[in-house]
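Take a look at the sequence and the model, then read on for helix packing, nonpolar cores and salt bridges.

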Amino acid sequence: MKEALLYRKEGDRVICTACARRCRLKDGQTGFCGVRRNIDGKLYLLVYGKAVAVNVDPIEKKPVTHFMPGSSIFSIGTTGCSWACKYCQNYDISQRREVAGEKLEPQDIVDLAIKNDCQGIAYTYNEPSIYIEYAYDTGIIAHRNGLFNIFVSNGFYTEDTVELVKKFLDAITIDIKGNGSLNFLQKNVLINDNKPIFDTLIALKESNIHLEITDLVVPQIGDDLEEARKLSKFIHDKIGPDTPLHFLRFFPDYKLNYLPPTPVETLEKHYKVAKDEGLNYVYIGNVPGHPLENTYCPNCGRAVIERFGFDIVGWHLNEKNECEYCGYKINIIGPKPSMVPKNRFHPVEI
């Protein structure tokens, strides 16, 4: 447990500014996330130094495809979340409102990442902004040791959150859900406003943090093509046409376990909409072996990075990350990865 950085006092309450809910808490009250509590007029992060999920993952699992491709990532998460997604595949930790997990201080996390031959640390599995003080302290040490930092996040931030992540994040994936439709988010995530997400995207675009966007396409209730068009147009106009956009296949889980998996043709229609709106790098995720896992050159249309699931199986870029067929500069950060298969997906012994 540690005193939080992101909060302010107002009368007999503290106002948490880690997420856009801005919970107003009296003494003894805990925020919606379940891990930030007012104790004697100060806000404390209850899960500081407590990791409930720890794993080594491929960076492509996040999914991040345009930043340090082929990297191994040390992934951590805690209990709690700022959202209440009815479809969450990690609901056993994200919707758990109790302090649990192994004791792992920031230095311990960095040491384990190095021991497991990881190039970076991902704050993931649940919403990292709710434990941002823990992530911040870890991220600063990670940078000192030559590791990069990634968030997998819902982007439901305040201005305070954005300013703090700028100090230690290198890359972030913002997972929009249901094309960002307010109706979908109100019913299935339990937030009343989607504007903070889009404000966060714009603010991050103005930073040096590498940004990718994912959209979980939930069949029947979150797959409207006009909403996908609105999202794609926003990304093109406000964030930029080179921003990678991933349409992810939904699989039934938690409270939405009665729905079918997203039809692949639905994802393909979303892809076409995004391309029609001028986005250069659009992907389909959770469909291993689909050709739209690959990165295609916006100029000549050839596949310059070929993938199968989380593995890179073909690389057709020169040392400057230019297309080897036409010389077009591809929006990729990082060197050519080793093409020798390695285990980038395994649990960690603590």
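Helix H7 (residues 225-239) and helix H8 (residues 264-276) come within 9 Å of each other, axis to axis, and cross at roughly 35°. This is a predicted model: local features need pLDDT of at least 70, side-chain atom pairs count only at pLDDT 80 or more, and totals for chains, interfaces and linings use all residues. Residues are numbered from 1 along each chain as its sequence is written, and side-chain values use heavy atoms, with hydrogens and water left out.

**Two helices crossing**

- Helices here are DSSP runs (H or I, at least four residues), numbered from the N terminus; their axes are lines fitted to C-alpha atoms over the stretch in contact, with angles from 0 to 180 degrees between N-to-C directions.
- The crossing of H7 and H8 is right-handed, as the near helix is turned clockwise from the far one by less than a right angle.
- On the H7 side, Leu 225, Ala 228, Arg 229 and Ser 232 make the contact (heavy atoms within 4.5 Å), and H8 brings in Lys 269, His 270, Val 273, Ala 274 and Asp 276.
- Sorted by type, the residues of this contact are four nonpolar, two polar and three charged.

**Nonpolar cores**

- A nonpolar core is a set of buried Ala, Val, Leu, Ile, Met, Phe, Trp, Tyr and Cys residues joined through side-chain atoms within 4.5 Å; buried means under 20% relative accessible area, exposed over 50%, and partly exposed in between (1.4 Å probe, protein chains only).
- The largest one has 79 residues, and those with the most contacts inside it are Phe 74, Trp 83, Ile 121, Phe 151, Ile 172 and Leu 201.
- A second, separate core has 11 residues, including Tyr 281 and Ile 332.

**Salt bridges**

- You'll find 13 salt bridges here, each a side-chain nitrogen of Lys or Arg within 4 Å of a carboxyl oxygen of Asp or Glu.
- Lys 62 and Asp 57 pair up at 3.0 Å, N to O, and both residues are buried.
- Back in H7, Glu 227 bridges to Lys 230, with the closest N and O atoms 3.5 Å apart; the two sit three residues apart, about one turn of the helix.
- Glu 227 counts as partly exposed because its relative accessibility is 22%, while Lys 230, at 54%, counts as exposed.
- H7 also holds Asp 237 and Lys 233, four residues apart, whose closest N and O atoms are 3.0 Å apart in a salt bridge.

Terms used:
Nonpolar A, V, L, I, M, F, W, Y, C, P; charged D, E, K, R; others polar.
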